[in-house]
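Subject: Structure handover

Hello,

Here is the structure for you to look through. My notes come after it.

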Amino acid sequence: MNKIKTPYLLLLPGMGFIFVFFLLPIVNLANTSTQTPIGGGDTGENEQTWRFANYLDAFIENREQFGRSFLYASIATVLALLIAYPLAYAIAFKGGKYKNFMLVLVIAPFFTSFLLRTIAWKQILGEQGFVVQPLRSLGVIAESTTLTSSAFAVVMGMTYNFLPFMTLPLYASIDRIDPRTLEASGDLYANGLTTFRKVTLPLSMPGVVAGTLLTFIPAAGDYVNATILGSPQTKMLGNVIESRYFRIVDYPTAAALSFTLMATILVLVTIYVRKAGTEELV
Amino acid sequence: MSDVASSARGDLKLSQITKSYGDFIAVDDLSLSIPEGSFFALLGPSGCGKTTTLRMIAGLEEPSNGSISLGTTDITHTKPYQRPINTVFQNYALFPHLTIFENIAFGLRRRGIKEVDEAVNKALNLVELPHLAQRKPTQLSGGQQQRIALARAIVNRPALLLLDEPLGALDLKLRRQMQIELKWIQKEVGITFVHVTHDQEEAMTMADTIAVMNEGRIEQMGSPADLYDNPETAFVANFLGQSNLIKGTISGSDGDSQIVDLFGQKISLQKSRSHGVDNSIYAGIRPEKFRISRLETATSGNLLTGGKVEDVSYIGVSTQYQVLMPWGQELMVFEQNDDGVAPFSVGESVNISWEPIFTFGLRGDEDAEAGTEVNPDEDLAEE
């Protein structure tokens, strides 16, 4: 009898934590999202009126930022995938005894704060940085063009900041591929490119899916990169939510936006995972 | 794929192949020719270079020196996918993301063949697993995976099929069954099979020709019977079955035979089976060729007297004796339990005799222990 109870007892602390710090806030958030300000009350004082039109209003008012969030997150995810795949592949197959050291290098940026790293990008891309001048003298960008406060900088910052989240699952997936299956593919008349398309890529799909999710989801809700590296023209949904909460103190709109963002991500992710068909992968 | 290499057919020829990794020489100046349609085995202990040789034939490794040709086509530097050669890998290396059907169709599809159904089903029938077409490799047992790996290679009708320890992961009973089946399939399809193994019994059961490899070189090549009855080196004598090697000197000649003096006792050795370079020689006799007797009535054959039974093991089909000879060497004797004679007991004085035709002679300067330390059932994960 005791043995049967033990797993449930072990679950208790985790369940309790999730209940208090996830479930209750979510319910509270949902509750807030349909409230309206109390007439004559202080800022931030709302009452429940079940006004579901909050969602529509919030969406219409911020649809630009909404689209931008998903656009930037998508671009950053694709860029991160393109950078991380060869990197993870090289570590897994060519890393040899330096594998672990290289993995430490991948997560090394985590030893510094997220904010500091993003501010560092501002320096790198800024007027005093070493990127702008060479690009200008080479004629890649016009003399008047700046790199900071631009969509380019925001996407670069996101790509950089989320790169380890892409690299690690990819590495875990690629590292599990038996190199002999790649040899077998070559043995069975597939050249290097075909082997990649037909064997390596399908076998690393769990990593691709996990990596893109771990990059895309936080990137879509991110506001730090847009705040530090962007301009008013590059504001993302995260920025709107942040300002609604902390500056304008418009809790219902912020809550409605949060839910819309969450739901949209959930739908996109479900479609994506279905399409990628990873359920049947080992 | 219309290049010359992919359509090459004929005998496989390795000429002075060397493969070195830094200072380590895995394969050392190896030359051999494998006739089209034969079942050829590369046999040797771990690290003897047999897998490296196989990988060079497959194109997975490039020789440091020498050349490989198939028929009249030089394939030394062609890529694996350009060679009409397929491999059954040691761990099968099936594609885990594809069904069994697609695993087998893989090679056909890569060569642009659209209609694969008939060929794939034929291959599945050949290995007697047509009902597994839609499964994934992980849902199959080891023995089934092994057959699928074979079907995946054979379906391409290669000029050459390479088998890298294909039965190593199977249990003994299944291994014996697959040995017979593989041999049957080879006859059926008529493709040249090159089989790498460290299991001498497996090599002898299946192959027409065996090359025994040791330290990157071929020690001896021949039919299983040739290698067993007439080994040319101590390594071959010990690696293929067991041998009694007795030190002696050639003291004379008698027609087709040499007279060999073994610690004062004279025996006869056929010249065609004598591989010594001077008068110093090891006389070799397989344990089951010995006859053990109480009387000195030995017949026309070779006779050694003065033995004493040191140990007796009854193992059903035969009884194994350790017989201590006057010069201090213990000889192994396997007696069939077919004569109704009560076994000899420890301490009994006995003589040993055998037919002279069963004696083979090895160079006297060889290491009589070469090839004995290797336990063929150890280290399956080789090289």
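Below are notes on the cavities and on one strand of chain B.

Please keep in mind that this is a predicted model.

Cavities first. The structure holds 2 cavities of 30 Å³ or more. By class, the lining of the largest cavity counts 4 charged, 3 polar and 3 nonpolar residues.

The second largest cavity contains about 40 Å³ of space. Among the residues lining it are Leu54(B), Arg55(B), Thr87(B), Phe89(B) and Asp164(B). Helix H1 of chain B (residues 50-58) gives the most to this lining, with 3 residues. The lining of the second largest cavity has 4 nonpolar residues, 1 polar and 2 charged.

Now the strand. Which part of chain B is largely enclosed by the rest of the structure? Strand S14 (residues 280-285) of chain B is, because 5 of its 6 residues are buried. Buried here means under 20% relative accessible area.

S14(B) has these pairings:

- Strand S11 of chain B (residues 244-254) runs antiparallel to S14(B), and 6 bridges join them. Leu245(B) stands opposite Gly284(B) of S14(B).
- Strand S20 of chain B (residues 360-363) also pairs with S14(B) in the antiparallel sense, over 4 bridges. Here Tyr282(B) has Leu362(B) in S20(B) as its bridge partner.

Best wishes

Terms used:
Residues are numbered from 1 along each chain as its sequence is written. Chains are lettered from A and ligands numbered from 1 in the order in which they are written. This is a predicted model: local features need pLDDT of at least 70, side-chain atom pairs count only at pLDDT 80 or more; totals for chains, interfaces and linings use all residues. Side-chain values use heavy atoms; hydrogens and water are left out. On a 1 Å grid over the protein atoms alone, a cavity is a set of points where a 1.4 Å probe fits but cannot get out, and a pocket is an open set with protein on both sides within 12 Å along at least five of seven lines; lining residues have an atom within 4 Å of a point. Grid points are joined across faces, edges and corners, and a volume is the space filled by probe spheres set on the points. Ala, Val, Leu, Ile, Met, Phe, Trp, Tyr, Cys and Pro count as nonpolar, Asp, Glu, Lys and Arg as charged, and the others, Gly among them, as polar. Helices (H or I, at least four residues) and strands (E, at least two) are DSSP runs, numbered from the N terminus. Buried means under 20% relative accessible area, exposed over 50%, partly exposed in between (1.4 Å probe, protein chains only). Two strands pair if DSSP finds at least two bridges between them.
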